[in-house]
Amino acid sequence: MKPEQVVRELWNRISARDWPGVGELLAPDVRVEWPASGEIFVGPADFVAIQAEYPEGWAINVLSLLSQGEQVVSEVEVPHEELGGTFRAASFWTVRDGLIVAATEYWVTVGADQVPAWREKYSMRD
């Protein structure tokens, strides 16, 4: 599979709760970083476990995928009303030889950040 296909398939398998299938797309030494919380997950087992243990009630909508060479950027939306609304992730994946070898993901809760007072006059909110 091409890198973009690997990442699309990753999101499809996560959405389907196909945990063994998710693991098959990850290199043995995959490294996934979440800078917002300072977490780093090394190896398929830990990355699959955090996906599998996430509280149920969610879906994944892939909003965009862009790729160049080994690099793939994805944006997904994850509605989860029980946990407070809708979440979005911008993820930067490195795919080599059909396996994800590294990723950096930035997760946010849509609409949760307070607009700084100095910026209020310039922006609109949903």
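Author: Proline 28 counts as exposed, because its relative accessibility is 69% and the label applies over 50%. This is a predicted model, and the values that follow are computed from it. Proline 28 belongs to strand E1, which covers residues 26–34. Once its neighbours within four places in sequence are set aside, the contacts of proline 28 are with Gly43 and Pro44. In that part of the chain, the C-alpha atom of proline 28 is 8.7 Å from that of valine 42, although the two residues are 14 residues apart along the chain.

Turning to the aromatic side chains, a search of the whole structure gives four aromatic pairs. One of them joins tryptophan 11 and tryptophan 93 in an edge-to-face arrangement, with 5.9 Å from centre to centre and 80° between the planes. This pair links distant parts of the chain, since tryptophan 11 sits in helix H1 (residues 3–15) and tryptophan 93 in strand E5 (residues 85–96), 82 residues apart. Tryptophan 11 and tryptophan 93 are both buried.

Phenylalanine 92 and tyrosine 106 make up another edge-to-face pair, at 6.1 Å centre to centre and with 80° between the planes. Because phenylalanine 92 lies in strand E5 and tyrosine 106 in strand E6 (residues 99–109), this pair ties together parts that are 14 residues apart in sequence. Phenylalanine 92 has a relative accessible area of 39% and is therefore partly exposed, and tyrosine 106, at 41% relative accessibility, is likewise partly exposed; the label covers values between 20% and 50%.

Helix H1, which carries tryptophan 11, can be checked by its length. At 1.5 Å a residue its 13 residues should span 18 Å, and the end C-alpha atoms are 19 Å apart, so the two figures agree. The buried residues of H1 are Val6, Val7, Leu10, Trp11, Arg13 and Ile14. They cover an arc of only 165° around the axis, and therefore lie on the same side of H1.

Just after H1, arginine 17 takes a positive phi of about 60°. Arginine 17 also lies over the face of tryptophan 58, at 3.5 Å from the ring centre.

Notes: Residues are numbered from 1 along each chain as its sequence is written. This is a predicted model: local features need pLDDT of at least 70, side-chain atom pairs count only at pLDDT 80 or more; totals for chains, interfaces and linings use all residues. Side-chain values use heavy atoms; hydrogens and water are left out. Rings of Phe, Tyr and Trp (its six-membered ring) pair if their centres lie within 6.5 Å; planes under 30 degrees apart count as stacked, over 60 as edge-to-face and the rest as tilted. Helices (H or I, at least four residues) and strands (E, at least two) are DSSP runs, numbered from the N terminus. Buried means under 20% relative accessible area, exposed over 50%, partly exposed in between (1.4 Å probe, protein chains only). A charge sits over a ring if NZ of Lys or CZ of Arg is within 6 Å of the ring centre and within 35 degrees of the ring normal. Contact means heavy atoms within 4.5 Å. The expected span of a helix is 1.5 Å times one less than its number of residues. The arc is that of the directions from the helix axis to the C-beta atoms.
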